[in-house]
Amino acid sequence: MTHNLPRNTLRWTAQAACQHADPDLFFPLTWDGRPDQLVERARRICRACPVQPTCLDWAVRTGEPDGMWGGATPAERRPLRRTGSMNST
Ligand code: SF4
């Protein structure tokens, strides 16, 4: 998977466990009705990722609207943006 990120985030993305994963796993056309096993496949990759906390923090702080980041879907990140809590994935 290739995230289209600003240059200053490239250091941590070089360690991303999803670098060579299928982009459709992380950026499906829609999350509505997405089979749980496909969501879980991406989440499993994130759980094993050495930069998961940084990834989730980046996505929450920047308000990234699409894709799975740090093991969290867009719907799961929305409340984190409001509370500032990054303790769940
Ligand atoms: S936490 Fe997930 S989305 Fe973020 S870099 Fe790692 S594998 Fe990719």
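Buried means under 20% relative accessible area, exposed means over 50%, and partly exposed lies in between (1.4 Å probe, protein chains only). This is a predicted model, where local features need pLDDT of at least 70, side-chain atom pairs count only at pLDDT 80 or more, and totals for chains, interfaces and linings use all residues. Residues are numbered from 1 along each chain as its sequence is written, and side-chain values use heavy atoms, with hydrogens and water left out.

**View A. Trp-12 and Trp-58 form a tilted aromatic pair.** Both Trp-12 and Trp-58 are buried. Rings of Phe, Tyr and Trp (its six-membered ring) pair if their centres lie within 6.5 Å; planes under 30 degrees apart count as stacked, over 60 as edge-to-face and the rest as tilted. By this rule there are three aromatic pairs. Here the centres are 6.5 Å apart, with 55 degrees between the planes. The pair joins distant parts of the chain: Trp-12 lies in helix 1 (residues 10-13) and Trp-58 in helix 4, 46 residues apart. Helices (H or I, at least four residues) are DSSP runs, numbered from the N terminus.

**View B. Phe-27 and Trp-69 meet edge-to-face.** Their ring centres are 6.1 Å apart and their planes stand at 85 degrees. Phe-27 is in the loop between helix 2 (23-26) and helix 3; Trp-69 is in the loop between helix 4 and helix 5 (74-83). Phe-27 has 29% relative accessibility, so it counts as partly exposed. Trp-69, at 2%, counts as buried.

**View C. One aromatic cluster holds four residues: Trp-12, Phe-27, Trp-58 and Trp-69.** Trp-12 and Trp-58 supply its tilted pair. Phe-27 and Trp-69 supply an edge-to-face pair.

Technical notes
Helices (H or I, at least four residues) and strands (E, at least two) are DSSP runs, numbered from the N terminus.
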